Each structure stands twice: as structure tokens, then as C-alpha cells.
Amino acid sequence: MTELLEILRVILPSVTAGGLIAVFLLIYFVMFPQKVERWGALLLRLIYGLSSGYEFIRVRIDRRVVASNIQAQINTVCDRINKEAPEVLPNRIMIEWVKTETKEAFIKGGEVIVRLKAYRNQERNVVEGTLLYLRKGFLPRSKQYLDDTLRKGCEFTVASQIFVADRSTDAYGYFFDKELTPARQDDPRLERDMQTIQHLDSKGYFSRVFLVEVRQTGERLLGTMPTDEISAELRQFAHFLQTIATKSRDEDVPLTFLRVRIKVGVVLVAKREKIQYLGIEPYVQKVHWLVRRGCERIYISAWGKELSAWVMDIKRQVRGRSVNVLREYKVPIGGATTGILLVCQANNTYLARQRES
Amino acid sequence: MKRRRDWSKKQKIRAVHDDDLEGFLDSLDLLQNLKRGELRCTICGVQVTLDNFGAVGSHNGTIILACDRTSCLAELESGDRCLDD
């Protein structure tokens, strides 16, 4: 320790301000690569904008502006989605430019090479790049278990979120006109699935519940051939969540989904009167009961500030007993309303104790 | 603990820029055929030209093309359809 202090005493006076800034920048680059990527993209866009009339500069930086902006736009939104649904988009996008390729190497490589246009067509570039990226990188181990229409609906929803998040190009307008609207008109099943996903998303269930369950199902089934039975179960799960997301205040709907692969229970803290008269105990007991029934994951959900506060009380009562709380989300429901969603995992020790008794 | 994405894991998208398009197609011996209007989109069958070229891929040892319609590009990437269809 004293040796280290001695070294620092010798080194520190000789460190210049420039050196300190360089070290700070280096740490910043390592700690926040996504921010560096975003700032880099912004800077290049600025240079591109200022070089109007200097065609030779634009030609030189065009590739960099195109690639950096697609990467920054996609990676930023995907980081947010990954926070809600871990590992749904595990890889960041990277554009690799190709100039020439030998025929033999290209055929052997078996990869698709897509054309990207100059930056003035960036909305098209963003759309093509995003859809291609999602085709490869979205739920890489699980999407084969979804049927084609539902998978496409999920990809389109994530793509829309990417395009809406960055208004620097009109990528959403291009996507809406050229891809989304024609696809929905051509395929009524896709139209229905998009509505289902929209309902899920409106209550925060799309990324935080549905995609997470699809990913986990896929990981458990890894190496198994996709079957109609598996995709049917995933589709039924989407409809199960849709029924909950669209239910009216006093409507009772099924809140358990116990099938071959997905075993989920939902606890909706929605009735103020029930809590006022009976307290939180019925909800606590419901969580324990769902675990005993075989639910592997329990989602505790409430909409509105007051009910969300009760959920935190329920959390304190069940955490470490029948369930472990994996994640906690504050969900924007629309307008000023926010909701809360707790993702809980059944506690095996609790189950073992229950079986013994 | 906050989960961060591993920034070393990359999904590479290979792309050709408009400025390099002719040279790239020439290196694959496709340019002349394309200019003569002899190539078609594997997915929708439309004639592919330099204007509407969208992507190129390979299937069973053959080079396949897609026009610039987004749905054709997506299908080419997924390999759902091929020239033999």
C-alpha cells in the first residue's frame, strides 16, 4: 500500500491536464460505448449537414454517416428493449462494408449482402438495415418456435419502436407506407397479430412478459425441432395476455396459463374495494397458491399510483417465501397513468417444504 | 444488478454502398447480365436493374438476387424461398 502511494506521489505531479482528459475519455469510452457511438453518429451528421455544397467531403464521409447512424439508432433502442426483456436482442448491429468479393468466396460464405444507398436516402437504409438485423438478431434462439405471422408481427413492432425513437430521418413514414401498411392489408392474420401485440404493449406485457417467455421457452427447447404444437402454445399465450390487457375493470378473466412449456400466473391488483376491506392478504395467498399449482413465474401487475403502492407491500410479503422477485418495472400505461409489474420466480425451497408438509 | 449488453457480441450486416455497387456486381460477374436485363428477383420475379437492385445472397451454390422491395429482402435473408421454387 505504501509502495503504491509512493508511486502515485511520483507519477501524479508529472501528469498534465491533457493526460488527465485523455484518461477520462478512455474510461468514458470503455464505460459507455453506446453513448460514444451516439455522439459519434451525431457529430458525423453535423459534418455532413455543414458540408452542403462540398460534394467531395460528402462522398468521403457518406459511408460513415450511413453506417454510424443506423448503428446508433438501432443499438440505442435495442439497449432499452434489452432492459425490459433481457437477451431478446443480444447482439449489437455492426455494418460491414463490402467493395468486392470473389464469386467462390461469396457462395461459400452464404451471407446476404444488402445495398445501402447514399445518406440522402437514409430512411430507406434505416428500414432495410433494421429489418435485416431483426431477421438475424431478434430472439436468435427462440424465434423459430413462433409461427411466421406472429414472429413477423413481433419484428414489425420492435422495428416500429426503433423508427419512432429517432426522428432524424423519416424512417417510420417510409416503413409505414412501404412495408407495414401493404403487409397488413395483404395478410389479415398479420393484421390481427399486430393488434394483439399492440394490446400487450399498451399494458407493458409485450417485451416484459411475452418476449421473455418466448425467449425462455426457446432456450429450454434448444436443439428441438419447431412444431405446430409449440407455436400454437406460444400463440395461445399471446391471446391469454391479450385477454388480460383488454379486460374491463370488473371483468373476471383467466389468470393462470399452465401448459406444457409455459407455466405462468398473473396477479392483478385491480380492485380498490377488495384491498380496503380485506387488505393485501388475499393477494399474498394468491401468489402462494399459484406457486403450489405449478406456476413457474408469477407476474404481479397493477395500474395506477395507489394500486402500485399496494403491490410493493405484497412484494415484501411474498419475497423470499413462495417467490423470488427477479425484476421490477414501472410501466407507462398512457397519459399520466403508470403501472407496476413484478416478475417473480417460484421458489423451489418453498415448494419442497410444501410437499414435505 | 443492472444488466448491460455485451458490446463485444456483434450482429454483422454486410452491405454494399451505392458508390461501390457496379464494381461489386462486376466482381461477382453479375454486372453485364444485370445491365442486359437478364436477372430477376428470386422472390417476386421482377426484372432486377441497377436502379432496383436490393440484395444478393447464395443458395445451393448459386447466386440469388432480390429487388429493393423490403419484403423480398427479408425473404432472401430468411432463405424461405430459393431459385428452385
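Helices (H or I, at least four residues) and strands (E, at least two) are DSSP runs, numbered from the N terminus. By this rule, chain A has 15 helices and seven strands. The structure is a predicted model, in which local features need pLDDT of at least 70 and side-chain atom pairs count only at pLDDT 80 or more, while totals for chains, interfaces and linings use all residues. Residues are numbered from 1 along each chain as its sequence is written, chains are lettered from A and ligands numbered from 1 in the order in which they are written, and side-chain values use heavy atoms, with hydrogens and water left out.

Chain A may be considered first. Its C-alpha atoms fill a box of roughly 75 × 70 × 45 Å along the principal axes. Of its 357 residues, 49% count as buried; buried means under 20% relative accessible area, exposed over 50%, and partly exposed in between (1.4 Å probe, protein chains only). Contact means heavy atoms within 4.5 Å. Among contacts in chain A between residues at least 6 apart in sequence, 68% join residues at least 24 apart.

A:V287 lies in helix α13 (residues 281-293) of chain A. This residue counts as buried because its relative accessible area is 0%. Beyond its neighbours within four places in sequence, A:V287 is in contact with A:V267, A:I300, A:V318, A:S322 and A:V323. A:V260, by comparison, is 27 residues from A:V287 in sequence and 21 Å from it in space, C-alpha to C-alpha.

The next topic is the interface with chain B. The contact involves 50 residues of chain A and 44 residues of chain B. The size of an interface is often given as the accessible area lost when the parts come together. Here the buried area, which is the accessible area (1.4 Å probe) that two parts lose on being put together, summed over both, is about 4900 Å², with carbon and sulfur atoms giving 53%.

Six salt bridges are counted between the chains, a salt bridge being a side-chain nitrogen of Lys or Arg within 4 Å of a carboxyl oxygen of Asp or Glu. One pairs the side chains of B:K9 and A:E87, at 3.8 Å from N to O. On the side of chain B that touches chain A, the elements that give two or more residues are β1 (10-17), α1 (21-27), β2 (53-59) and α3 (70-78) of chain B.

Two strands pair if DSSP finds at least two bridges between them. Strand β1 (residues 92-97) of chain A runs parallel to β1(B) and is joined to it by six bridges; A:I95 has B:I13 as its bridge partner. Strand β2 (residues 113-116) of chain A also runs parallel to β1(B), with four bridges. In this pairing, the partner of A:V114 is B:A15, and A:R115 stands opposite B:V16. β1(B) is mostly covered, since six of its eight residues are buried.
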